[in-house]
Structures are given as C-alpha cells and as structure tokens.
Amino acid sequence: MHTLTRKEKPKESHMRIELTVNGAEHTLDIEPRTTLLDCLRDHLGLTGAHAGCEHGVCGACTVLVDGVAVRSCLMFSPQAEGAAITTIEGVTPGPGELSPVQDAFCETHGMQCGYCTPAMVLVAHALLADNPEPTREQIVEAISGNICRCTGYAQIVEAIALAAERIRGANRPPELRK
Amino acid sequence: MSEARHRYVSSDRRVREDRRFVVGKGKFVADIDLPNTKHIALVTCPHAAARIKSIDKRAALNMPGVHYVVDGRELAEATLPLMTGLDTPNVPRRPLAVDVARYSGEWVAAVVANTRAQAEDAAEAIDVSYEPLPFVLDAEQAIAPGAVLVHQAHGSNVLLDKTFVWGDVDKDFKDSPRKLSLRVKWARSSTVPIETFGVVTTWDPWREILDVYASIQMPRYADQIGAALKIPSSSVRVHYDVDVGGSYGVKRGIKNTVLAGYLARRLGVPIRLIEDRLENMRGGDAHGPERLFDVEVAFDDNGVVRSMKMRALENLGAYAGRSPFQLGKPIGSIVGPYKIRSVQYRAIAVVTNKTTQDAVRGFGQGPTNLALERVIDEVANVLNLDPLEVRRRNLIRHEEFPYMIPSGTTYDSGDYHTVIDKVLADTNYAELKKERDRLRAEGKLAGIGIAACLEPSGGNATFEALLNPAITTSTFMDSCRIVVDGMGAITATMHTTSSGQGHETLVGTVIGEVLQIDPDTIRVARPDSLNSLPSGTPVGSRMAIMLGGAAFHAAQKLKAKLTAIAAHDLGIPPERAVYKDGNVFDRNAPQNKRTWADLVQIAHRNIHRMPDGCEPGLAVSHIYDVPTGGTLPTPDGRVQMYPCFAFEFHLILLSIDPDLGVPEIVRYRLGHDCGTQINPKIVRGMTMGGIAHGIGAALHEEFAYNDEGQLISQTFMDYLLPSSHEVPAIKIIDHETPSPHTVLGQKGSGESGYLGAPAAIANAVNDALKPLGVSINTLPLKVSKLGDLIAEARAKKGGK
Ligand code: FES
Ligand code: FES
C-alpha cells in the first residue's frame, strides 16, 4: 500500500470505517493513513482509479464523491465515510456495456494508453450531470485538472462534446432529434 | 482515394483497445496482484556525488513487516553490470550504487517489506554514512581540462567524441558568400508518462523461470535481464499482455527489473517495485537529452544553404545505457528536408552528476530538428527574406525522390511543397502576417513560427555500428503469427507490449484487409516472451511499418495456402483459383468454390484432400526485416538508416504579453504526411499528443538542478506537463505520399508533432522578440525567462 507522505510513522492500530462505493456498503479495517485511492485499489479491488503522482496534480486518481470529481490520493479513507463514492466501475452500465460517455470516448478515440482515461470519463460524467450543453471552453476547463500525456486533449474534448450531444438527443422526443 | 484502394485500411474505424480502457479494465502493472507479494522501497543518495562509507541496516531490519535490505555491493557480487551501447567498461551501470553514488537520487539500497508503507518507513531508518565528493553538472565544464571526474577509472568524462565529414565541407564553406553560426540549447526534459515505471517479478525455482510483469517498452528486455542475473534468457518470461500507461520511448526500467528479479530469486517471493513519482523523477533514469548545439551554415545570397557544421554536446547524466546513441540516430536525417550537400557533424557525449538518461520520443531527433530549424530561420533573418520562402528554396522537390543525403541515407518519398501549399490553402499566409501585425499594433509581441521537419520511421540499428564499430547489428525485425483454429476463428499474435499505440487494432486491420474479412472478428493476442517470435518493440516509430508489414506478409501466406488447398480440392491449376472474402472460386466457373468453412475442414480434418507437401492446419508466421536494412556503415561513416521519412510542416501564430512574458499560441496548423494512414484516429491522436508534448518541451518542462546538484523539478508541481489550458485548438491538414518501401505505403507517426513543435514555437518566439532586437535559443522558453528578457530589452531601448 502506498502512503501519502513518508514522514508519518506507522500506526499499529487499524480503524473500522464504512464506505459507500458505487451504491454498495463496505465495512473495512484499515490504517487511518490509507488514502482513498489505496483503499479502493488494494482493499476493494477497484483498480480503475490510477496513481500518477500521489500529490494531487495529475488527476489520474479521480473518483466522484457525492457527484464531485475528487483526487482520491489526497483524501484519507476515513474522510470519505458518509459520502457516496462513484468509481469508473460504478458508471459502467454492465458487463460488456458502455455508458454514453464511455462510448463517445471510443468513438473519437479520446485516449491512447488508457491510464488517465477512467478519470477523464468520470470528470466528463460529473460535468455533463451539471451542464448538459457545455461549450468547448467549459469542457477544457473541466478536464484541466487532469493531465493526459498521450492525446494532447483534442479527442478527449471531442468525446465529451459528442457525449453531450448524444445525451441531449436521447432525451428529446424522436421527432426533434437531428 | 484511399477508400477506393482499401476496404478497412485508412477508414475511420474504432480502436479496439479503447473498450477496456474506458471502463477501467486495462491491465496495468500496478493491477498485478500475486499472492504473498512483497514490496520494495528505495534508499536514495541525497548528494550530487558521495562516497558511501557505511550502510547500517539494523534498525530497518527490526521494523515491522521488513524482510530484507540489499545494498549495491551485494547486488554487484551477484549480478553483472547492465548492458551499455558504447564500449566503456570503466563506466559500469548497476541498479544500486556501489561505494560511490554519482547523482542526487541515485538508488543506494532497497528495502523489502510486506507493504509499500512499511518498506518506505524502513527506508527512512537506514543509516547511510556519506562522504560528499566534488561534482560536475554542466557538460561544457565536464569536458574542460581538470574537470571533476564522474568515473575516476574512465580517466575523463567523455564517453564519445566522433567527427564525421560527409562531402566537401571546406570547399562549400569557402565557396559560399555567406556564413552564420548559432548556439541552440535543448533543455533536459523527458516524456514523463503519467504511469511511473513498475515491475513485478516472481521466481519459480523448480521450473527455473523468472516471471516478469512490467510497464516496459524496450528491445531485448528478456535478454538483458537474463544477462545481468546470469540466467539463460529462456529462463525469463516477460508477460507482454501488460498494458503500459504511456512511455514514448522512456519506459526502460532494466535496473528496476534486475533489482526486483534478484530479490525475487533471493527471497523466493513475488517482488513488486512500483516507482513513486519522486523515485521516478530523480532515480528512475528516465531523463531525456540535454544538448548544446553549435551550428554553422554556409549559404548564398538567395538563402540556399550549401553546407553545415554541427557540434552536438550531450549531457548524459551519470551513467549510460543506450543514451549516447541518441546522438547517432539523427545522422539519418541530419539535413532535415533540405538539400544541404555537405555536412560536418561532431557528436560528443559526456557524463555529469545528473540523473541518467534513456530513450526519448525521437531518439535525439527533436533536439536536432530544433537546431536545424532555428538556423534556417536565422538565414532568412540575416538576408531579410521570408522564412517560408527560404525553406521553399532549400526543400527537396517531389521529383528528386528517392533522395540520398550526404550521410548516406536515401529518403523514400515526399512532397514537401505540396504539403505546404495545402496548409497555405487553409490558412492564408499574408492574412496570418496581417494578424500578427495587428497584434503587434495592439501592443503585443507577436510572431509567426514555421518548422519543416522529418520523422524518420521504421527503425534500424545502424547508428549503433556508426558510433561503436564493435557492433555489427544490421537486422531489425518484427513478426506476426496467424492461426485459424478448427472452428475457423482467426487469432493473430504480436510479440511485445504496447503503450497506447493501438497495435492490436493495427494487426487486426491489416490482416482483415488482406483476407477481406471484418477485422473485428480477428482476435489479436500477446503471448509471453517464451512463446513469442522476435520483435524489435515499439521504438523508432516503427510498428505501423514493421508489425504492419509482418502481419501483412503473414496474411498473404495464409491466403496463398488457402488458395492452394482450394485449387487442389477443386482440381484446377492454382492460377485459376481466386481468393475473395475468405472463399476461393474457380475463375472459369465461379459457381465452383470452396468456402472458408470448407477450407478449414480440409486443413484441419481432411489431410487426404490436401495438396502434397502441404502442412496440415492453418498456421503461418512471418518475420519481417526492416525494408532497406541489411547494410553496415562504410569506412567514411555513411549508412542507410531508417527506411521511411514522414514530413511535418508547422505554422503557428504566437503572441506574448509584453508585461508578463506569457506566451499564447493563437493559431496552430500542421501539415502532415505520413503516407498511408492505417487508422486515421490513431495517427491524429499521436500527432495531437506529440504537439502537446512539444509545447511542453518548448515552454514548460525542464529537469532543473540547483548549484548543489539537487534536482529542483521533481514533482508535477515543478515539472510542468501541459494541461488542456496549455494546448490550443490545432488543425491538422493531411497529405498522403505513400512510401515505396512499405506494404501499404505507410510511414511512422509515433513521434509526429513532437519533432517540430519546439522548433516552430522557438521560431515564433524569436519572431515576436525581433522588434526588441533580442533573441533566445535556450529551451524551455519559460515565462520568467521571457519576461526578464523583454524587460531588459525594453529598458535598453529606453523604456516602454
Ligand atoms: S495521483 Fe492523485 S492527483 Fe495524481
Ligand atoms: S491516454 Fe495516456 S495519459 Fe491519457
């Protein structure tokens, strides 16, 4: 398990916490210094959240906490008690299925290595939940806390715009869809 | 036009790898979870150079969960030094420092514990006693007489100093009416993937196999592990189905792997070493070139450049693996896209007390392109000619291909003037200049930047022989195997890892194209290294050409076999049998045919219906050597390097806030010609990503050191990767000049954008600064640097 800083001394005592992740309740005994990222990956097997820097800059560890994109490397697990945590596994509709956002990322090829991708998809979900019709600038702003080294962002921005367009279309009566 | 030529190639198809990544189901090395795995944390040297007097492990070994501590001496006794490219036996490179540490952050010892947290805590408790030593950080100081020696036994800091002369440089300089010289510096930066390097190893002492799961992108990985650990390479099983979270050349954690492999064998448990960001940035040996160029050109009054002298001084850091070869690869396109007829090139590589380098996207080409493009702009500048016009006058013309450059490489194809014309048809150059002048009138500093660059692609190792005559490698191969099983399903295999390049899509598309079968029905698998055919791995912008070529030829073999089986079964001469969409029919009587299912039945179960001498089953493979490969350098240092040359033309408008020094890219156009694009989504993504990476190298990224030899940009707070705010909207204008050497006319695109963006930006910044009478040729062009330069120039000019 990773820790946030090396300076902290190990504590022998574990702590019991309850987390709500993707709608399921989990009771866990963990060291209080365990970050939410490590907890999700190492204790719950949810490996879609990735470590890139573990100091809050790259955004690869992003999950949604009460619908808001949060860096799980900067949060200790006990701090997440009582909140609804959503990971990439939670927005995937079912085995073999893709959410409209995930499908749009595939359509535009909004990724290469895929390492930053789950976080980008979650950020897009959070953005579109708040703002179904984002401008290019708003999309750029929304993903600006997530570093992608592969794509130069163009096809990510296009994916989110495409997802927004399709979701809006899907919510319209068929005769009004383009 | 490609639609007419191809069924699947060049069409806008999805990338099959994407489905697993959007749901978080990539299999990255940190996701490998073997039972009973123990974790490594590293003890690192805090000094730029120091003698290790003692290492006291006792306190650490008594801490909870700690199993073992290994230091450099123990490891050195049990293993051999890592492979190097040059013959420099007195500059050995090892995973852990032995007696002397030579850069700040170098790994000195490794702790093994039950958890990474326990290992980190114990690493803090290891008491290393150091005697700080004098050090040298700057390459020019490192070659000065009396310099501090990084490796005493080597007797100097110079690992390589070689001068090549191709053509009559002296005469061309003498005959040219004009000359100019320029000093250009490419700063130490790298590709810095978001996933650090990681490796998990486990040793099975009864089978005598070391399993390796790693985020690796490196040729001869298993060979190098076996050699260092003194076990046969056939005892090393590298799992190529691990997804690599970005690499762009740099993921070459051989020292990490040898360390983890040693510990896995020593302790008999799975060992995991996932670098944290700090370990990666300081001691991960993943820095890129830091290169000082002195370039001199001889030209005429029309701006036609006849000859060039280039001296490249590379600061390698403390040790060298293959990194000095990054001075060699650019020789294969040393004159860029220009008709410069003679060249003198001096390549010097020195060691200093900085972090060790490894291969970075372009393998030295990006820095060289920067130097060349800056100097072409300066030629225009001194002649008061338009930089675009000067380029047009020097560019190789379409009808001159194939074109041999002075250093012996023949360029395959290109149509540079047309690419430029296409970009200018999209963006009117005169209007762009007006826009620049408008910005200037508004009080901004504004400039236009141009870069015309080549991306050598396809790979080839002949630069190794050029820099180290003891090396005679003239082979550079890749391979593909196709098996049609007894139910008729197709599985193709590739034999290396990928880090985002979409190789599974590449293989499926190419085989589907040849067999005229929907690529999505073709499974692409990655066997481990013990079950693989040779692969040169995704370096040198080569996979579209080389893996694509291997897949193409394997599919042709399969098609030929199916056709032969059908002809025999139909009782017709083979030339009458026609393959179409997986079935084979008689040209003279098309109703007589054998379907895919028939052919599978015959091949798998009816050997009595097979042609004589035809192997049963449907399994084919092809090992493909690089086109134009197979030659070694001539005594005067000429050789064919890479087979294919893609072209990129950058045209940008940039404005700088004169009070703050903040540059903003207002417009970005790229003309790009990489021949046939097998998957346009992938090519576009690579190119966009390459430009973003180039923007980083030009404006933001630097592994900077302070005077004490400490790396001061070691987190993402100080080493600034471009975010979505720093990358402007970019328009790419494609052109397609097929390569005559490749199976589908494809060239490489893995380095596209990156190879020219820094040059275009540096040219734009210098155009913007021109009214102030100053220029800058040292990357990165940071806001602080630009701000100071502008303020100084304005003060000199007499105020605002
Ligand atoms: S890993 Fe959390 S922000 Fe980088
Ligand atoms: S897809 Fe590789 S970092 Fe974003």
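This is a predicted model: local features need pLDDT of at least 70, side-chain atom pairs count only at pLDDT 80 or more; totals for chains, interfaces and linings use all residues.

Colleague: In what order do the elements of chain A run from the N terminus on?

Modeller: They go β-β-α-β-β-β-α-α-α-α-α. As for overall size, chain A has a radius of gyration of 17 Å, close to the 16 Å that the globule rule gives for 178 residues, so chain A is as compact as a globular protein of that length. Its C-alpha trace spans about 65 × 30 × 25 Å along the principal axes.

Colleague: And what percentage of the residues in chain A is buried?

Modeller: Buried residues account for 56% of the 178.

Colleague: How do I read the contacts within chain A?

Modeller: Look at how far apart in sequence the partners are. Take contacts in chain A between residues at least 6 apart in sequence: 57% of these join residues at least 24 apart.

Colleague: Now chain B. Which domains does the assignment give?

Modeller: It lists domain 1 (2-24 + 477-624), domain 2 (32-133 + 195-245 + 252-283) and domain 3 (374-457 + 643-797). The centres of domain 1 and domain 2 of chain B, taken over C-alpha atoms, are 41 Å apart. Their contact takes 18 residues from domain 1 of chain B and 18 residues from domain 2 of chain B.

Colleague: What about aromatic rings? How do I describe a pair?

Modeller: You give the distance of the centres and the angle of the planes. A search over all chains here finds 12 aromatic pairs. One of them is B:Tyr103 with B:Tyr319, at 6.4 Å centre to centre and 70 degrees between the planes. Planes over 60 degrees apart count as edge-to-face, so this pair is edge-to-face.

Colleague: Where in chain B do those two tyrosines sit?

Modeller: B:Tyr103 is in the loop between β4 (100-101) and β5 (107-113), while B:Tyr319 is in the loop between β14 (305-315) and β15 (342-350). They are 216 residues apart, so the pair links distant parts of the chain. Both B:Tyr103 and B:Tyr319 are buried.

Colleague: Which residues do ring pairs link into a cluster?

Modeller: A:Tyr115, B:Phe21 and B:Phe28.

Colleague: Which charged residues lie over rings?

Modeller: Here are two cases. B:Lys255 lies over the face of B:Trp107, 4.1 Å from the ring centre. The charged end of B:Lys309 sits over the ring of B:Phe173, at 4.4 Å from its centre.

Notes. Residues are numbered from 1 along each chain as its sequence is written. Chains are lettered from A and ligands numbered from 1 in the order in which they are written. Side-chain values use heavy atoms; hydrogens and water are left out. Rings of Phe, Tyr and Trp (its six-membered ring) pair if their centres lie within 6.5 Å; planes under 30 degrees apart count as stacked, over 60 as edge-to-face and the rest as tilted. Helices (H or I, at least four residues) and strands (E, at least two) are DSSP runs, numbered from the N terminus. Buried means under 20% relative accessible area, exposed over 50%, partly exposed in between (1.4 Å probe, protein chains only). A charge sits over a ring if NZ of Lys or CZ of Arg is within 6 Å of the ring centre and within 35 degrees of the ring normal. The radius of gyration is taken over C-alpha atoms; the globule rule is 2.2 Å times the number of residues to the power 0.38. Contact means heavy atoms within 4.5 Å. Domain bounds come from an automatic or database domain assignment.
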